[in-house]
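With the model open in your viewer, please follow this short tour of charged side chains, selecting each group of residues in turn.

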Amino acid sequence: METTVISSANLPVSRIGLGCVTFGREIDEAAAHVLLDYAYARGIIFFDTASAYSQGASESILGKWIASRRPAAGSMTVATKLLPPYDPKRITEAVDASLQRLGLTAIDLFYLHSWDATAESPAVLAALDALVRAGKVHALGASNYNRDQLATALALQQQHGLERFSVLQNNHNFAVRDVSPALLQFCASRQIAVVTYSPLGAGFLTGKHRHGVEPGSRFDVAPGHQHVYFHEQAYQRLARLEAVAARSGHSQTQLALAWALHQEGVASVLVGGRTPAH
């Protein structure tokens, strides 16, 4: 597995990262550990979770795996996130809780899970800075931000002399694209690494939901995702993918993954699943 180091954050990441959203929601601890073992044995060293995933269960499951497998220090990167609204006290308490669940002394990469007006509070940005200075967090990231939101955050961090965001994580696939060329150029000019997720559109690009939501799938378990994909533009892009798959002999899954993995300027692509086969 190809790996790189996010220079602005000094974090090693694999070209493919493992998203842990299914842990504790769609698969139990034992199944998650099988998936983690399979991924790690094949060179995946970037693991992405969040305190919101199954109300912290995902972090706990990942933490127990780390504790039992004892990977060498510095051999992997663990990222987690916090949903809004944000305030200094809540951020500090959330990081402490995540550290306890993960069984770590420091979080490699800590994201604000999505943009919110409270994220532009200087006090909130100062709280993030304090966590880095205290050694509880190694690097900061922003997730689900657009260009203007990221630019505002960086300007505020610079104005107040605070630790800046060094990673952006957004949804990006053949159907739904939240990393525009302008955003990529902006990140490159400021040495911000870009991580993308959902290369298969939570299964949408496989075509399995063409005739309704498949029972037990991501869209069934988390129906809030449906509005992101079930619209005309996404269906048009799915039809184009289906046509190319039929013409080329490659599966829609192969083509969708290839599209995501060949986007210039993207450091890592997060994949997820319930089994090693996925």
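Begin by selecting D37, which is partly exposed at a relative accessible area of 29%, a class lying between buried (under 20%) and exposed (over 50%), as computed with a 1.4 Å probe on protein chains only. This is a predicted model, in which local features need pLDDT of at least 70 and side-chain atom pairs count only at pLDDT 80 or more, while totals for chains, interfaces and linings use all residues. Residues are numbered from 1 along each chain as its sequence is written, and side-chain values use heavy atoms, with hydrogens and water left out.

Because D37 lies in helix α1 and R69 in helix α2 (residues 57-69), the pair ties together parts that are 32 residues apart in sequence; helices here are DSSP runs of H or I with at least four residues, and strands are runs of E with at least two, numbered from the N terminus. R69 is partly exposed as well, at 38% relative accessibility.

Now select E26 and R274, a salt bridge with its closest N and O atoms 3.6 Å apart. E26 sits in the loop between β3 (16-19) and α1 (29-41), and R274 in the segment after β10 (268-271), so this contact joins parts 248 residues apart in sequence. E26 is buried at 18% relative accessibility, whereas R274 is partly exposed at 29%.

Finally, a search of the whole structure finds ten salt bridges.

Key
A salt bridge is a side-chain nitrogen of Lys or Arg within 4 Å of a carboxyl oxygen of Asp or Glu.
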